[in-house]
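Please keep the structure in view while going through the numbered points.

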Amino acid sequence: MRTGGCHCGAVRYFVRGEPVHVGRCHCADCRKESGSAFSVYAQWPVDACEITGEISSYEGRGFCGRCGSRLLDPVDPGDTLIEIRVLFEEAQYADDVSSAVTAAFKGVL
Ligand SMILES: [Zn+2]
Ligand SMILES: [Zn+2]
């Protein structure tokens with residue numbers, strides 16, 4: 001089980017198993033929301049995720065209303081996947097993502 005949450009701790013989430021998809025997006029909205037060149041996300045089945053705390057949202061993008069951390073996209077009825085920004089606490093997982101992103105952007109950034 002992986003655990004994560006926002007910067008202030010008001011929102012926590014837990015996911016079971018491996019993600020069905022991991023990606024990054026460079027669209028204008030993702031650049032604005034992340035304050036960076038891209039955002040990184042992973043998708044899990046909705047029933048593999050548990051959330052505590054309140055998610056605020058703007059145009060379908062979820063964040064902590066207290067500290068502003070970008071968290072996950074709230075699901076609509078019928079959605080089978082939930083998209084989570086990579087804010088997990090396990091150092092190894094963060095290192096894996098960082099290495100993958102660094103490799104993908106070698107020579108670009
Ligand atoms: Zn917060
Ligand atoms: Zn995007």
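**Notes on the strands, the core and one loop**

1. In the predicted model, Tyr41 has Arg85 of strand 8 as its bridge partner. This pair belongs to the antiparallel pairing of strand 4 with strand 8, which extends over 5 bridges.

2. Tyr41 also has a bridge partner in another strand: Gly23 is paired with Tyr41 of strand 4. Strand 3 and strand 4 run antiparallel and are joined by 5 bridges.

3. Taken together, these pairings give an open sheet of 3 strands in the order 3-4-8, with antiparallel pairing. Which strands stand at the edges of this sheet? They are strand 3, covering residues 21–25, and strand 8; each has a single partner strand, so one side of each is left without a neighbour in the sheet. From one strand to the next, the twist averages 30°.

4. Strand 2 and strand 5 run antiparallel and are joined by 4 bridges; within strand 5, Cys49 is the bridge partner of Val15.

5. The sheets may now be placed in the chain as a whole. The chain contains 2 helices and 8 strands, and from the N terminus on its elements follow the order β-β-β-α-β-β-β-β-β-α. Of the contacts between residues at least 6 apart in sequence, 55% join residues at least 24 apart.

6. How much of the chain is buried? Buried residues account for 16% of the 109 residues. The largest nonpolar core has 11 residues in all: Cys6, Val11, Tyr13, Val15, Ala42, Trp44, Cys64, Leu71, Leu72, Ile82 and Ile84. At least two residues of this core come from each of strand 2 (12–15), strand 4 (39–45) and strand 8 (81–85).

7. Which residues does Val11 contact, leaving aside its neighbours within four places in sequence? The contacts are Gly5, Cys6, Ile51, Gly53, Glu54, Ile55, Cys64 and Leu71.

8. The final point concerns a backbone angle. Most residues other than glycine have a negative phi. Glu59, however, has a positive phi of about 50° although it is not a glycine. Where does Glu59 lie? Glu59 is found in the loop between strand 6 (55–58) and strand 7 (61–64). Is Glu59 buried or exposed? A residue counts as exposed if 12 or fewer other C-beta atoms lie within 10 Å of its own; Glu59 has 6 C-beta neighbours inside 10 Å and therefore counts as exposed.

Key
Residues numbered from 1 in each chain as written. Chains lettered and ligands numbered in written order. Predicted model: local features only at pLDDT ≥ 70, side-chain atom pairs only at ≥ 80, totals over all residues. Buried ≥ 20, exposed ≤ 12 C-beta atoms within 10 Å, placed from the backbone. Contact = placed C-beta atoms within 7 Å. Core = buried A, V, L, I, M, F, W, Y, C linked by C-beta atoms within 7 Å. Pairing = 2+ DSSP bridges. Axes fitted to C-alpha atoms, helices over the stretch in contact; angles between N-to-C directions.
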